[in-house]
Amino acid sequence: MTEIEESMDSSDSHDSATSGKKSGRTSLLDSGEDFEILNEEDIDDEPPPLEDAGGGKGKNTDEKTNADTDSDPPGPVEEWLDVLGNDQLKKKVLEEGKGRDSRPQKGQNVKINLKTCLSDGTLVEEQSDLSFTLGDGDVIQALDLTVMLMEMGEKALVQANAKYAYGERGSLEPEVPPNEELSLEVELLEASDAPDLELLPPAEKTALAIHKRERGNVHYQRGDYAFAVNSYSIALTITESSSKVDITPEEESELMDVRVKCLNNMAASQLKLDHYDAALKSCVSALEHQPDNIKALFRMGKVLALQGEYAEAIQTLRKALKLEPSNKTIHAELSKLVKKNSEQRGAEQALYKKMLGNPASSSSSSSQKHRAKSSWGLSWKWLFGATAVALGGVALSVVIAARN
């Protein structure tokens, strides 16, 4: 692995692109923008009002007179349904469906025919039998919200602001410019309940979890980190579900690998959202399954550093570096943390000295006093010695004089 910041392998990107889901323009760990999350209660569940059918040739004179003399005639009926009440996502019925009772429910798998055009009418793409799970974020938000309001067999025209389509970044596949409104022609073909995860064969369960994770990768690349967390959470639920069918050790290992990748990618998304406690929990969970997972160790080190736990972060990154000594990204992050930790310790030592009344100055004063005391000791010793010599000289003189 040459770059620890790359949280998805090349096969992830390839699979995501071939599935028609990939739409980002930046690398997986460099993108970033806020993305508005809509609540279910914001969705207007009322159908568009019916047009007034009165006033035709079949009406008699009395009915016409009554209509003309009505003090409060009804106003014009709108063809468009303002789904969210902000005039940014609208739906118009082109062909009636089979009634309100046939509307799909959130969590069901639906199949649609879709024709996507730019605001000027330029065709972007046409897709037949497009399948997705309603409400899981598998498609752009405009589809997730409006298909929920369609009846089986209904054809509808949807006008979507860029906020509910491909946003400020636009898309490479399909090719949509930034901040572009879309016109979507949708036909709801069928809806069915999602499969029972406990009865799903292991290979299908793994494939479904990978699909949800790849959709999370697309959200991450676009900077839609909250949606990415949602997709990764769904994928984790799939991998962690119990099974009532036989599963081989190899199949269990494959599911475990998908689970750890989801936890790693979720931690990356949570870091972008500044949800440090949640990111740390994701890293810990990944390391419980794979203690030597370098990506989990690296992100755990980053989370601990952001929480100010430099010593623990350094220890975690050193473990990651030991597993992959040539990784320059880990080297750089570790060097930065060691420097920060050193600066923090220096600042703490200075604070302690200040709290203790500048012990350095006290030590200097004591040293000066000790040198002064030593100096006086030398002076007295010198004076005492000189006196002794003088007295000895006097006594010697007296002795010599006596002998003479």
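Is Lys336 buried, exposed or partly exposed? Keep that one in mind for a minute; we'll come back to it once we've walked through the rest.

Okay, hi everyone. The mean pLDDT of the protein is 79, and 68% of its residues reach 70 or more. Confidence is lowest in helix 1, residues 10-18, with a mean of 42. At the other end of the scale sits strand 3, residues 109-118, which has the highest mean, 98. Two stretches need care. Over residues 1-77 the pLDDT is below 50, although that stretch has 135 contacts in the model beyond near neighbours in sequence. Over residues 398-404 the pLDDT is also below 50, and there the count of such contacts is zero. Where pLDDT is low, the predicted coordinates should not be read in detail.

Now the overall picture. The secondary structure comes to 11 helices and six strands. There are 404 residues, and 37% of them count as buried. The protein exposes about 23300 Å², with carbon and sulfur atoms supplying 51% of that. And if you take the contacts with a separation of 6 or more, 71% of them are between residues 24 or more positions apart.

Let's go to one buried spot. Ser231 lies in helix 5, residues 225-240. Why do we call Ser231 buried? Because its relative accessibility is 2%, and the cut-off for buried is under 20%. What does Ser231 touch, leaving aside neighbours within four places in sequence? The answer is Asp136, Lys212, Arg215, Gly216 and His219.

Next, salt bridges. The count comes to 10.

Pair one is Glu95 with Lys155, where the closest N and O atoms are 3.8 Å apart. This pair links distant parts of the chain: Glu95 is in strand 2 (residues 89-95), Lys155 is in strand 5 (residues 155-160), and they are 60 residues apart. Glu95 counts as partly exposed at 42% relative accessibility, and Lys155 counts as partly exposed at 26%.

Pair two is Lys261 with Asp257, with the closest N and O atoms 3.6 Å apart. These two are four residues apart in helix 6 (residues 249-272), so they are separated by about one helical turn. Lys261 is partly exposed, at 24%, and Asp257 is partly exposed too, at 33%.

Pair three brings us back to my opening question. Glu333 forms a salt bridge with Lys336, and the closest N and O atoms are 3.5 Å apart. Both lie in helix 10, three residues apart, about one turn of the helix. Glu333 counts as buried, at 11% relative accessibility. And Lys336? Partly exposed, with a relative accessible area of 42%. Elsewhere, salt bridges that share partners join Asp136, Asp138 and Lys212 into one network. Two of those names, Asp136 and Lys212, were among the contacts of Ser231.

Let's stay with helix 10 a moment, residues 328-355. Leu351 has its place there, and at 47% relative accessibility Leu351 counts as partly exposed. Together, Leu351, Tyr352 and Met355 make a nonpolar surface patch of about 360 Å².

There's also an annotation to mention.

Most residues other than glycine have a negative phi, and most peptide bonds are trans. Where does this model have exceptions? The peptide bond from Glu173 to Pro174 is cis, with omega near 0 degrees, and Pro174 has its place in the loop between strand 5 and strand 6. That loop also holds Asn179, which has a positive phi of about 55 degrees without being a glycine. Asn179 counts as exposed, at 54% relative accessibility. Then there's Asp87, in the loop between strand 1 and strand 2, with phi near 65 degrees. Asp87 counts as exposed as well, at 53%.

That's my tour. Thanks, everyone!

Key:
Residues numbered from 1 in each chain as written. Predicted model: local features only at pLDDT ≥ 70, side-chain atom pairs only at ≥ 80, totals over all residues. Heavy atoms only, no water. Patch = residues over 30% accessible without salt bridge, like charges linked within 9 Å, V, L, I, M, F, W, Y side chains within 5 Å. Areas by Shrake-Rupley, 256 points an atom, 1.4 Å probe, with all protein chains shown as cover. Salt bridge = Lys/Arg side-chain N within 4 Å of Asp/Glu carboxyl O. Buried < 20%, exposed > 50% of the residue type's maximum accessible area, 1.4 Å probe, protein only. Contact = heavy atoms within 4.5 Å. pLDDT = per-residue confidence, 0-100.
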